[in-house]
Amino acid sequence: MEYEIVNLEEKKAVGISAVTNNKSPEMPKIIGGLWDEFYKKVYGEINDKANNKSIGMYHKYQPNGDYTVSICAEVNSTNQNYEVITIPSGKYAKFIVKGNVVTAVQEFWQKVWNMNLDRSFVCDFEEYQAGDDMDNMEIHMYISLK
C-alpha cells in the first residue's frame, strides 16, 4: 500500500467519543452508533466548521487494547456544545483510500495491522472528504508515526 509521510500541525475538532476494544464483540456497534448519532444530531449543531469533512479518530490507546474512538469535525472555534478533541501535531503516514465507506475502511485497517509501520499509537484518523456517494468516497487515512 502506498503512502506519503506528512507532518501535520495540531488541529481542533468537536464531536462525540466512546471507549472500545478491537476484541470486543460490541466494537462495531459502538463505532457505528457514534457515526449514526454524529450525523443525525451532532454534525448539524457544530458551529464554525473548518471544512465539510468528517473525521473518525482513534486515540488514547491503552495496554489492554482499549482505545477512544471520536467522531468529529475540524473547527476554527472550540466554543461548542460538544467535546473538544485535539488532533496532535506530528509525523503521520498518509494513505488515500477510495471506495465504499465501510468495506474500503475495513480492508484498509486489516492491511495496516499487517504493515511494518513505526507506529506511535498516539492518534490515527480517517478524514472523509466531502461528498454523498458512500460507495465511492475518498478517505484520507493518517497513522501516527514515531
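Buried means under 20% relative accessible area. Keep that cut-off in hand for this tour of a predicted model.

**Stop 1: two cysteines**

Select Cys123. At 0% relative accessibility, Cys123 counts as buried, because the limit is 20%. Show both sulfur atoms. The sulfur of Cys123 lies 8.6 Å from the closest cysteine sulfur, that of Cys72, which is too far for a bond. A disulfide is a covalent bond between the sulfur atoms of two cysteines. The count of disulfides in this model comes to zero.

**Stop 2: the largest nonpolar core**

Select Phe38, Phe108, Trp109, Met141 and Ile143. Of the 33 residues in the largest nonpolar core, these five touch the most other members. Strand 2 (11–21), helix 1 (27–45), strand 4 (66–74), strand 6 (90–99), helix 2 (103–113) and strand 8 (137–145) each supply at least two of its residues. Which of them gives the largest share of the core? Helix 1 does, with seven residues.

Zoom in on Ile143. Leaving aside residues up to four places away in sequence, Ile143 touches a set that includes Phe95, Phe108, Trp109, Val112, Leu117 and Cys123. Lys91, Arg119 and Asp124 are also among the contacts of Ile143.

A second, separate core has twelve residues. Val6, Ile55, Tyr92 and Tyr142 are among them.

**Stop 3: helix 2**

Select Ala104, Val105, Phe108, Trp109 and Val112. These are the buried residues of helix 2. Look down the helix axis. The buried residues fall within an arc of 130°, so they line one face of helix 2. An α-helix has 3.6 residues a turn, so residues three or four places apart point the same way. What covers the buried residues of helix 2? The cover includes strand 3 (54–59), strand 6, strand 7 (119–128) and strand 8.

**Stop 4: Ser144**

Move to Ser144, in strand 8. Is Ser144 buried or exposed? Ser144 has 3% relative accessibility and counts as buried. Its side chain makes a polar contact of 2.9 Å with the side chain of Ser120. The Ser144 side chain also reaches the backbone nitrogen of Val122, at 3.2 Å. Show the residues around Ser144. Not counting residues up to four places away in sequence, its contacts include Asp118, Arg119, Ser120, Phe121, Val122, Cys123 and Asp124. Lys91 and Tyr92 are contacts of Ser144 too.

**Stop 5: salt bridges**

The structure holds eight salt bridges. Start with Arg119 and Asp124. The closest N and O atoms of this pair are 2.5 Å apart. Both Arg119 and Asp124 are buried.

Go on to Lys98 and Glu138. Here the closest N and O atoms are 3.8 Å apart. Lys98 is exposed, with a relative accessible area of 62%. Glu138 is partly exposed, at 29%.

Then select Glu10 and Lys12. Their salt bridge has its closest N and O atoms 3.6 Å apart. Glu10 is partly exposed, with a relative accessible area of 48%. Lys12 is partly exposed, at 30%.

Finish with four residues together: Lys11, Lys53, Glu74 and Glu127. A network of salt bridges links them.

Definitions and conventions:
Residues are numbered from 1 along each chain as its sequence is written. This is a predicted model: local features need pLDDT of at least 70, side-chain atom pairs count only at pLDDT 80 or more; totals for chains, interfaces and linings use all residues. Side-chain values use heavy atoms; hydrogens and water are left out. A nonpolar core is a set of buried Ala, Val, Leu, Ile, Met, Phe, Trp, Tyr and Cys residues joined through side-chain atoms within 4.5 Å. Buried means under 20% relative accessible area, exposed over 50%, partly exposed in between (1.4 Å probe, protein chains only). Helices (H or I, at least four residues) and strands (E, at least two) are DSSP runs, numbered from the N terminus. Contact means heavy atoms within 4.5 Å. A polar contact is a pair of N or O atoms within 3.5 Å; within protein, one must be able to donate a hydrogen and the other to accept it, and residues adjacent in sequence count only if both atoms are side-chain atoms. A disulfide is a pair of cysteine sulfur atoms within 2.5 Å. The arc is that of the directions from the helix axis to the C-beta atoms. A salt bridge is a side-chain nitrogen of Lys or Arg within 4 Å of a carboxyl oxygen of Asp or Glu.
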